[in-house]
Amino acid sequence: FYGESGGGWGTPTQEMVESYEYEEGGSVNWNTWHLTTQSIPPYERLEPRFHATILYNGAKWKGRTIETFVKGRDGFCAWNVEPEPQGRTTTGYYLRKNVDESHDVIANPNSCIQPLTIMRYAEVLLNLAEAKAELGTLTQTDIDNTVNVIRARAGVTGKLNMATANANPEPWIKGCYPYLAKLNPANLGVILEIRRERTVELVM
């Protein structure tokens with residue numbers, strides 16, 4: 001961030017950002033923002049976990065607006081080109097999750113006030129759902145008692161439907177796991193969605 005002499009190395013990627021769905025459910029088509037455009041991405045419409053995890057250009061932080069563009073207040077650093085980010089982002093994003101907005105990292109650079117989470121109940125539920133999907137015993141009731149419980153807690157209004165997910169596997173997530181189509185074609189779509197859920201729920 002602005003005013004720091006170090007940092008900026010561990011920044012969220014665009015791939016991570018694209019893992020988040022709309023608050024009401026459903027994937028965002030990011031193709032427009034893979035090209036040169038002045039259109040603003042639909043950050044405001046993304047689900048609550050996005051806003052709890054990632055700071056983006058235009059987000060509010062410590063009473064001001066984040067500016068992650070070249071010559072912006074926070075700035076942008078070309079990865080592997082400039083020797084030191086010095087607080088600038090290398091991806092266009094900053095990590096918000098587990099960062100206390102009231103903590104002055106410049107005045108107290110060596111102090112940590114965040115607890116370390118070893119295991120979360122959400123991970124137990126996701127492990128159960130994914131294991132059942134891999135075994136071929138997963139039902140919609142299982143999804144409602146695991147994945148949809150997690151989504152509801154996070155404020156996501158759209159629910160995961162097993163039949164819909166299996167009928168329409170998400171193409172870009174499918175590309176991340178090319179071997180799954182051969183191992184478990186019947187439950188491919190729902191396994192991909194469980195893994196997306198794992199990503200956005202447990203990241204960082």
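User: Is Glu197 buried or exposed?
Analyst: This is a predicted model. In the model, Glu197 has a relative accessible area of 2%, and because the cut-off for buried is under 20%, Glu197 counts as buried.

User: Which residue does Glu197 form a salt bridge with?
Analyst: Its partner is Arg151, and the closest N and O atoms are 3.0 Å apart. Glu197 belongs to helix 9 and Arg151 to helix 5, so this pair ties together parts that are 46 residues apart in sequence.

User: And which network do salt bridges with shared partners make?
Analyst: One network joins Glu21, Glu47, Arg49, Arg120, Arg151, Arg153, Glu197 and Glu201.

User: How many salt bridges does the structure hold?
Analyst: The count is 16 salt bridges.

User: Back to Arg151. What is the N to O distance in its salt bridge with Glu21?
Analyst: The distance is 2.8 Å, between the side chains of Arg151 and Glu21. That pair links distant parts of the chain, 130 residues apart: Arg151 is in helix 5, while Glu21 is in the loop between helix 1 (14-17) and helix 2.

User: Buried or exposed, those two?
Analyst: Arg151 is buried, at 4% relative accessible area. Glu21 is buried too, at 8%.

User: What else is Arg151 in contact with?
Analyst: Leaving out neighbours within four places in sequence, its contacts include Gly25, Arg49, Val156, Gly158, Lys159 and Leu160. Glu21 and Glu197 are also on that list.

User: New topic: helix 5. Which of its residues are buried?
Analyst: Helix 5 covers residues 147-154. Val147, Asn148, Ile150, Arg151 and Ala154 are buried there. They sit on the same side of helix 5, because they cover an arc of only 155° around the axis.

User: And what is on the other side of helix 5?
Analyst: Ala152 and Arg153 are there, and they are exposed.

User: What do the buried residues of helix 5 pack against?
Analyst: They pack against helix 2 (48-53), helix 3 (121-135), helix 4 (140-145) and helix 9 (188-202).

User: What comes just after helix 5?
Analyst: Gly155, which takes a positive phi of about 90°.

User: One last pair. Where are Arg45 and Glu24?
Analyst: The side chains of Arg45 and Glu24 meet in a salt bridge at 2.8 Å, N to O. Arg45 and Glu24 are each in the loop between helix 1 and helix 2, 21 residues apart. Arg45 counts as partly exposed, at 43% relative accessibility, and Glu24 counts as partly exposed at 42%.

Methods
Residues numbered from 1 in each chain as written. Predicted model: local features only at pLDDT ≥ 70, side-chain atom pairs only at ≥ 80, totals over all residues. Heavy atoms only, no water. Helix = DSSP H or I, 4+ residues; strand = E, 2+ residues; numbered from the N terminus. Buried < 20%, exposed > 50% of the residue type's maximum accessible area, 1.4 Å probe, protein only. Contact = heavy atoms within 4.5 Å. Arc of directions from axis to C-beta. Salt bridge = Lys/Arg side-chain N within 4 Å of Asp/Glu carboxyl O.
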